[in-house]
Amino acid sequence: MSGKFFGQSLPEISVEELAQRLSSNDGSLQLMDVREPQEVNVAQIKGFVNLPLSQFDSWAEQIPTRFDPHAETLVLCHHGVRSAQMCHWLITQGFTNVKNIAGGIDAYSMQVDPSIPLY
């Protein structure tokens with residue numbers, strides 16, 4: 001399954017696949033959440049590092065040293081649009097295994113874990 005982003009195919013993972021990967025707890029995943037801090041305060045999935053897109057300038061330079069560009073990297077937002085932007089940027093930075101979480105935390109709440117609040 002893949003989405004289109006500026007004419008390029010962008011790998012995606014479904015929220016069901018995400019839940020399976022999180023439950024296997026293999027520790028190899030890099031998890032990024034690009035929502036705003038106030039959104040994370042309302043609803044979150046354990047294990048994700050919050051990197052708000054609005055604060056891009058404050059964390060962009062840390063990405064190459066803070067994350068492994070060859071590890072599987074899953075990116076989350078509310079519906080999948082901002083995370084797609086982040087995925088595209090990560091690919092331009094040399095990340096080789098990036099996946100957008102299709103439907104974002106909204107879909108995760110509706111299809112996987114209804115205890116996560118909708119907003």
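Read from one end of the sequence to the other, the chain of this predicted model follows the pattern β-β-α-β-α-β-α-α-β-α-β-α, which amounts to six helices and six strands. The radius of gyration of the chain is 13 Å, close to the 14 Å that the globule rule gives for 119 residues, and the chain is therefore as compact as a globular protein of that length. Taken along the principal axes, the C-alpha atoms fill a box of roughly 35 × 30 × 30 Å.

Among contacts in the chain with a separation of 6 or more, 63% are made by residues 24 or more positions apart. Of the 119 residues, 45% count as buried, while the chain exposes about 6300 Å², of which carbon and sulfur atoms supply 51%.

A record covers part of this chain: UniProt, in an unreviewed entry, places the feature "domain: Rhodanese" at residues 25-117.

Q30 has its place in strand β3, which runs over residues 30-33, and Q30 counts as buried because its relative accessible area, 11%, is under the 20% cut-off. Leaving aside residues up to four places away in sequence, Q30 touches F67, D68, A71, E72, T73, L74 and F95. With one of these residues, D68, there is also a polar contact, in which the side chain of Q30 reaches the backbone nitrogen of D68 at 2.7 Å.

T73, one of the residues that Q30 touches, lies in strand β5, which spans residues 73-76. T73 has a relative accessible area of 0% and is therefore buried. The side chain of T73 reaches the backbone oxygen of A71 at 3.1 Å. T73 and A19, by comparison, are 54 residues apart in sequence and lie 15 Å apart in space, C-alpha to C-alpha.

A pair of aromatic rings is described by the distance of the centres and the angle of the planes. The structure holds three aromatic pairs, one of which is formed by F56 and W89, edge-to-face, with 5.0 Å from centre to centre and 85° between the planes. Because F56 lies in helix α3 (residues 56-59) and W89 in helix α5 (residues 81-92), this pair ties together parts that are 33 residues apart in sequence. F56 counts as partly exposed, at 27% relative accessibility.

W89 also pairs with W59: the ring centres are 6.2 Å apart and the planes stand at 80°, so this pair too is edge-to-face. Here again distant parts of the chain are linked, with W59 in helix α3 and W89 in helix α5, 30 residues apart. Both W59 and W89 are buried, whereas F56 is partly exposed. Taken together, ring pairs link F56, W59 and W89 into a cluster.

Methods
Residues are numbered from 1 along each chain as its sequence is written. This is a predicted model: local features need pLDDT of at least 70, side-chain atom pairs count only at pLDDT 80 or more; totals for chains, interfaces and linings use all residues. Side-chain values use heavy atoms; hydrogens and water are left out. Helices (H or I, at least four residues) and strands (E, at least two) are DSSP runs, numbered from the N terminus. Buried means under 20% relative accessible area, exposed over 50%, partly exposed in between (1.4 Å probe, protein chains only). A polar contact is a pair of N or O atoms within 3.5 Å; within protein, one must be able to donate a hydrogen and the other to accept it, and residues adjacent in sequence count only if both atoms are side-chain atoms. Contact means heavy atoms within 4.5 Å. UniProt positions are given in the numbering used here, feature names are shortened, and annotations may be inferred rather than shown by experiment. Rings of Phe, Tyr and Trp (its six-membered ring) pair if their centres lie within 6.5 Å; planes under 30 degrees apart count as stacked, over 60 as edge-to-face and the rest as tilted. The radius of gyration is taken over C-alpha atoms; the globule rule is 2.2 Å times the number of residues to the power 0.38. Accessible areas come from the Shrake-Rupley method with a 1.4 Å probe; for residues, only the protein chains shown count as cover.
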